[in-house]
Amino acid sequence: MARAVSKPRKLVFTLVAWIIGLAIFFPILWIFILSFKSEGNAIAAPFHVLTSAFTLESYHTVFERSNYLRYFMNSVILSVGSTLLGLIIAVPAAWAMAFVPGRHTKDVLLWMLSTKMLPPVGVLVPIYLIFRDMGLLDSRIGLVFVLTMINLPIIIWMLYTYFREIPGEILEAARMDGAGLKEEVLYVLTPMAIPGIASTVLLNIILAWNEAFWTLNLTAAKAAPLTQFIASYSSPEGLFYAKLSAASIMAIAPILIMGWFSQKQLVRGLTFGAVK
Amino acid sequence: MTLTIRALMGACALGALATAASAETNITVATVNNGDMVRMQSYMDDFYAQHPDIKVEWVTLEENILRQRVTQDIATNGGQFDVMTIGNYEVPIWGERDWLVPLDDLSDAYDVDDLLPAIRGALSVDGTLYAAPFYGESAMVMYRTDLAEKAGVTIPENPTWTQIKDAAAKMTDKDAGIYGICLRGKPGWGENMAFISAMANSYGARWFDMDWRPEFDTDPWKATLTDYLDLMENYGPPGASSNGFNENLSLFQQGKCGMWIDATVAASFLTDPEESQVADNVGYAVFPNKEGVDNHGNWLWSWNLAIPKSSEKQEAAKAFVEWATSKEYTMLVADKEGWRAAPPGTRQSLYDNQEYLEAAPFAQLTIDTISTATPEKPSVQDVPYVGAQFVSIPEFQGIGTAVGQVFSAALAGQMDADQALSSAQSLTEREMRKAGYEK
């Protein structure tokens, strides 16, 4: 049963929540506003920014100057590709760890997570050299592989926690009914874990979409995703705020829209298993 | 006609198409995001008309990301780029290491002797040119003529730092939101240290003595930093420790700065009526010097196109570099956008052109400051290094930025000039010892 909350208290909490929410969202809102201003107006005092005329000039310039569609397609291929490849590896791995844990399962899980503790720049040169020798620099295949590897520990950890919430007895019952390993994973486990898998997929797509270290360092012209598209609009000499804002909005809009539509799934997945 | 013959003919046609396609050479050009470079990308039709067999792919990046990206690629022989946009800081270091293709066989039409001697010298190692300059800049004083008049000060053509301080004091009207002087304060070797190093040069200071010992504990450095902090604290805008080129540009354009001492390239932004509210009231003067020190800071910077040795398409890359830095390209820009937009500071012929001199009021001073900059002898004292507002050694990016952070902290009021100098001295000594310079 919900706890009774007094009205003034509720009001205060709501107000605080709104203030925090707005503070977090404000930079995106400001970028959105700046993207519709001319360069001259974008750097003016905040009040002037709000009252000056709106224009689509920046979007027009950005579209004219950059091949947005190519960057966008690369982002889609990299994020979706790395997520799918990650799932193919992570589902069996998480299944094994959740339902047939061995003596070292915990250690393996922790070891996997430890790879995330190393700053990526520490392995930049070796990976760059390997990519150079294998001819993978500026290729989507190489980047899909790298993005899969860096996000794999998170995917496995998330799936592992979801799978553990599924009672082993159900799988046992399926086995008793004659289901093989394939049927068990595909027809019993996976449908039950759909909310968990969905939120893992969504989170991983968002992480891969926004990844800006490897995607900037291992690409040049062909495989560059939207992160490079944004990086090409910043400059230490010259005015660029409006164009940079427009480029940023164009880069985050697809993922924002996707997140908006799937937020129910995302929240459900993230809180999956919180209540038994 | 039988099906077999048709199929064969089809295959031949496809084969011919494939051969035609493979005859095209794709080159990848890494470049910075600035107005001149972006403009070039819109003129590519002219290049394709001359070189239909070459296709250019652009990788445009923010300056710091670009620097890291191309350094990593050239140091690992990655071969990702066929043409790199690099500064005159990198060119001598990379040229010496044999990482760049020497540009010693440029065509006669290119007229390599037309390049400004100061710029050409900065891009050469032992007389061999390793990069072609796209645009060059020095530094100068830009000031508001209307504010100077109102305050009753005259800024001479060759001001001293005392005169600058005096003018800053008179032009400052904090109640009206006008600050006498705006200078860089944001930490970074190419940010505040570019300015402070040039200022130190004009005070007779130097980064290192002939044994590579840092000189922050000497009087000229003390005078430089004390005066810099004094100017900014009394007459500078609030929060100056986070102001770089762009922030100051924006302040000046909004009419909040009396004077601004920075790169000459800023003048074209300040006089652009579409962007600047003070476009009609900008005056120029030479970078100041301290009384008795015959040195105007020696600021010299250029963005250049170079071809890494790792490129497999060096011929096509060279054709592009020649086109982009040629006299014809300058004419092309002038034709389409007017002379004011021509890439400045690389060729003597541009400054012999009366039309350009008339269209760009800052042109004469730009050429004068560039021509008198001497990166091989930046200070009145002898130095073991080359470089004007920087020191051309690989370690400088790290050291310059660390010292820049200390000086920026002093500007923010976290320490005084003496503490900042002694901290800069010890950190530079430590880094130079580690790098093996100490004799």
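In the predicted model, 23 residues of chain A are in contact with 26 residues of chain B, two residues being taken as in contact if their C-beta atoms, placed from the backbone, lie within 7 Å. On the chain A side, two or more residues are given by each of helix H2 (39-42), helix H7 (124-134) and helix H11 (214-217), where helices are DSSP runs of H or I with at least four residues, numbered from the N terminus. The largest share of this side, four residues, comes from H7(A). By class, the side of chain A that touches chain B divides into twelve nonpolar, six polar and five charged residues; here Ala, Val, Leu, Ile, Met, Phe, Trp, Tyr, Cys and Pro count as nonpolar, Asp, Glu, Lys and Arg as charged, and the others, Gly among them, as polar.

Residues are numbered from 1 along each chain as its sequence is written, and chains are lettered from A and ligands numbered from 1 in the order in which they are written. Because this is a predicted model, local features need pLDDT of at least 70 and side-chain atom pairs count only at pLDDT 80 or more, whereas totals for chains, interfaces and linings use all residues.

When residues up to four places away in sequence are not counted, A:Leu159 touches A:Ala90, A:Val91, A:Ala94, A:Gly196, A:Ile197 and A:Thr200.

Chain A is divided into domain 1 (7-57) and domain 2 (66-232), with bounds from an automatic or database domain assignment, and the C-alpha centres of these two domains lie 35 Å apart. Chain B is divided into domain 1 (26-130 + 301-359) and domain 2 (139-297 + 386-434), whose C-alpha centres lie 29 Å apart. The contact between the chain B domains takes six residues from domain 1 and eight residues from domain 2, and the domain 1 side comprises five nonpolar, no polar and one charged residues.

The predictor gives the complex an ipTM of 0.81 and a pTM of 0.83. Chain B averages a pLDDT (the predictor's confidence in each residue, from 0 to 100) of 90, with 95% of the residues scoring at least 70. Over residues 15-21 of chain B, however, the pLDDT is below 50, and this stretch has zero contacts in the model beyond near neighbours in sequence.
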